[in-house]
Amino acid sequence: MERARNILVTLLMLGAASAVGYLFEIAGFPDTSIAFLFLLAVLFAAWLSSSLGVGVFASIAATFVFNYFFAAPRFTFAVNDPNYYVTFVALIITSILVSTLTTRARKEAQLAQEREEETKSIYMLTNRLSDAGTRDDIVAVALAAIREGLQCGCGCLCLDGDGQPEATYVYLPEGEGSSQVRREAEDPKAILYRIEHLSEDHDEGEEFFDWPLYGGEGPLGLIRIPREAASGMDEEQSRMLRSMIDSIALALDRFRAAEQRIQSREEVSRERYRANLLRSISHDIRTPLTGIIGTSEILRGRLETGGEEWELAGRIQTDAEWLHSLVENILGLTRLQDGGVKLKKEWEALEEIIGGAVGHVEQHWPDQEIDVNLPEELVMAPMDAKLIEQVVINLLENAIKHTGPGTPVSVSLAEDPAGRGAVVTVRDRGQGIRAQDLPHIFQPFYTSDHRASMENRSFGLGLAICETIVTAHGGTILARNCTDGPGAEFVFTLPMEEEHDTES
Amino acid sequence: MTQRVEKILVVEDDEQIRGFICYALSNEQLTYLTAETGHQALEKQRTESPDIMILDLGLPDLDGMEVIRQVRERSQLPIIVVSARDREADKVAALDLGADDYLTKPFSASELMARIRVARRHLNLQPAAEESSLLTVRGLSLDTAKRLVYLNGEELHMTPMEYQLLSYLFHNIGKVLTTGAIIEELWGAGYGRDTQALRALMAGLRRKIEKNPGKPEYIVTEIGVGYRLKDE
């Protein structure tokens, strides 16, 4: 079809050159002028066909036509004057050169136009992508652009926030009228494996060729094009596809970043809400407790020491204090276990923490003997001081509650000789811990069945919160029975280096 | 100088707690007056000139912090904060604004009374403290004229920094001094929040004056807030 058209064009041009040449001859112009006419015809033929083959064909044909119609003897291919050979050769060479240059210029013009169109369509795509408000919009715009540019169906499979392929993907079938459909994706693991093990810029699957979309923090998704369409793409088309993919990846990446910003903002406000909630709960419980504890204390002071009513008032006070510590522990545990509250770590002297805890415990158990053993050197570690104080208080209270009155309790501090850690040991001289209780002792509300119910009522939470706090500090805690006599000991360690060097 | 009757202003919006505090005060034969809002408190402070103020931070109209700030503009009366706010940052903020002491709810009547005793002693002591050059608490004495420290009559060797720290605590005996205030006093403003140097200095001082630095009898740590030289 194309070739027939080119031959026709060539013949028409040569015919026109012959006709005008005939008029030139009548008008008495020299042969060289007519040769120029043929040169012009070759140039037009080459220009219109943009094919070097046509140009060469036209050049040779022009020489023969010129020879046949205009070189004496006329209407033969014979030549009388040898000068004509020079003219023929010159005509052939010149016309071939001219047609070469013409076709090249024409081709380049065509290429430039195509590139311009491609640039324009990429620009349009980028524009429309930046207007897209949601990820679905981005995908829809992207697929429409690919279908328009490559005239084939195409799909886009996105990875979710955790980098996992989603279960379905959007596919836009070929043809202007058809709209996008959701298709089931293959096994996510297989998809990820293929993305991670690419040898080229795309993966060639059974049904589709897949081009991954890379964002700043890893792959964001895939663009997939049916195998037959993808394998038939020329250089031009695949370059255009790559440019489009770059633009799409950029848009998706920008969207993902914006989404993450919104998410972290939401997290901050949720966190603030929860902190406020916890604070107001603790405030609302503390206020009436102040009244109960204070009033029962005064009431007790006005009653005869040792009397029945004095005992009762004392029990109100103890129960209210117990309720208070339970509430504080529950709130503390909630805060820490949710991972919502960040530790406010500072370098603290452990002896001060221990001293503070011992002072606090002595207020409630003025008759309890507590030994404190410190090393000569100052031991410091990064920690949330108030929380570690709570650990020591809970361990001391636990020790006091589970040993009889008058049994000494001790707390000692040492620097771990092997690692870079501080070691705090709380030891009692009570009956120790039963072997079957040891593995469960840090579980919240774990109760050992052999203890009386009143005795173990605060057994559970105190130790659970100790474990939570120490673990949050990157330390360890364990319970065991003493080897050098009766009693149990609780040992916790704290790292003496900061995990992340944020402060210095 | 005649010993006059001290008046204590109780600022608390919760009726129950106000009742309990007033009851505890009258139990000790102390005179008191009450205020339920921040504006009332400021008003009564101006008109009745109380000697001590017990202040709840969670007031319905004004934040307690604001009350402290306004009172401090015109008066140095001791302010004892009682609050359900238990974050150390809140305590430090109140103390740095000029409050003298801080009790977290729930507290017992005896704790409150102990704090009031400290405040009362300050009221009566202050003029005397200026004159005397020898300050003593339970066998520990500070000779401000000679810059010497004695424990049960025996002279202790102190570094200049240790002396300065102890002296600052002595001049604020019974009161909580925040870590920030001590650092500013010892090293000057703008030293920053390097608490490590203070912790080390304190450890050294305690090893000289305390029998067992793990169970301090003189200087107690208010964890996350600061230090207090116990006066009883």
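In strand β9 of chain A, A:Met380 is the bridge partner of A:Ala349. That is where I'll start. Keep in mind that this is a predicted model.

Now look at what covers β9, residues 380–383. A:Met380 and A:Pro382 are buried on one side. A:Ala381 and A:Met383 are buried on the other. So both faces of the strand are covered, since buried here means under 20% relative accessible area.

Next, the surface of chain A. Which residues gather in a patch of negative charge? They are A:Glu114, A:Glu116, A:Glu117, A:Asp234 and A:Glu235. Helix α4, residues 83–131, gives the largest share, three residues. A:Asp234 sits in a loop, the one between α7 (227–231) and α8 (235–302). Is A:Asp234 buried or partly exposed? Its relative accessible area is 42%, so A:Asp234 is partly exposed.

A:Ile7, A:Leu11 and A:Phe57 make it, and its area is about 260 Å². A:Leu11 belongs to helix α1, residues 2–27 of chain A. Its relative accessibility is 49%, so A:Leu11 counts as partly exposed. Again, that clears the 30% cut-off for a patch.

Now the backbone. Most residues other than glycine have a negative phi, and most peptide bonds are trans.

In chain A, go to A:Gln151. Its phi is positive, near 55°, and the residue is not a glycine. Where is A:Gln151 found? In the loop between α5 (135–150) and β1 (154–158) of chain A. With a relative accessible area of 52%, A:Gln151 is exposed.

Over to chain B. B:Arg147 also has a positive phi, of about 55°, and is not a glycine. B:Arg147 lies in the loop between β7 (140–143) and β8 (148–151) of chain B.

Last stop, a peptide bond. Which residues of chain B does a cis peptide bond join? B:Lys105 and B:Pro106, with omega about -5°. B:Pro106 is in the loop between β5 (101–104) and α5 (109–131) of chain B.

To recap the backbone: positive phi at A:Gln151, positive phi at B:Arg147, and a cis bond between B:Lys105 and B:Pro106.

How values were computed
Residues are numbered from 1 along each chain as its sequence is written. Chains are lettered from A and ligands numbered from 1 in the order in which they are written. This is a predicted model: local features need pLDDT of at least 70, side-chain atom pairs count only at pLDDT 80 or more; totals for chains, interfaces and linings use all residues. Side-chain values use heavy atoms; hydrogens and water are left out. Patches are made of residues with over 30% relative accessible area and no salt bridge: like charges are joined within 9 Å, nonpolar side chains (Val, Leu, Ile, Met, Phe, Trp, Tyr) within 5 Å. Accessible areas come from the Shrake-Rupley method with a 1.4 Å probe; for residues, only the protein chains shown count as cover. A salt bridge is a side-chain nitrogen of Lys or Arg within 4 Å of a carboxyl oxygen of Asp or Glu. Lys and Arg count as positive and Asp and Glu as negative; His and the chain ends are not counted. The place of a charge is taken as NZ of Lys, CZ of Arg, CG of Asp or CD of Glu. Helices (H or I, at least four residues) and strands (E, at least two) are DSSP runs, numbered from the N terminus. Buried means under 20% relative accessible area, exposed over 50%, partly exposed in between (1.4 Å probe, protein chains only). Two strands pair if DSSP finds at least two bridges between them.
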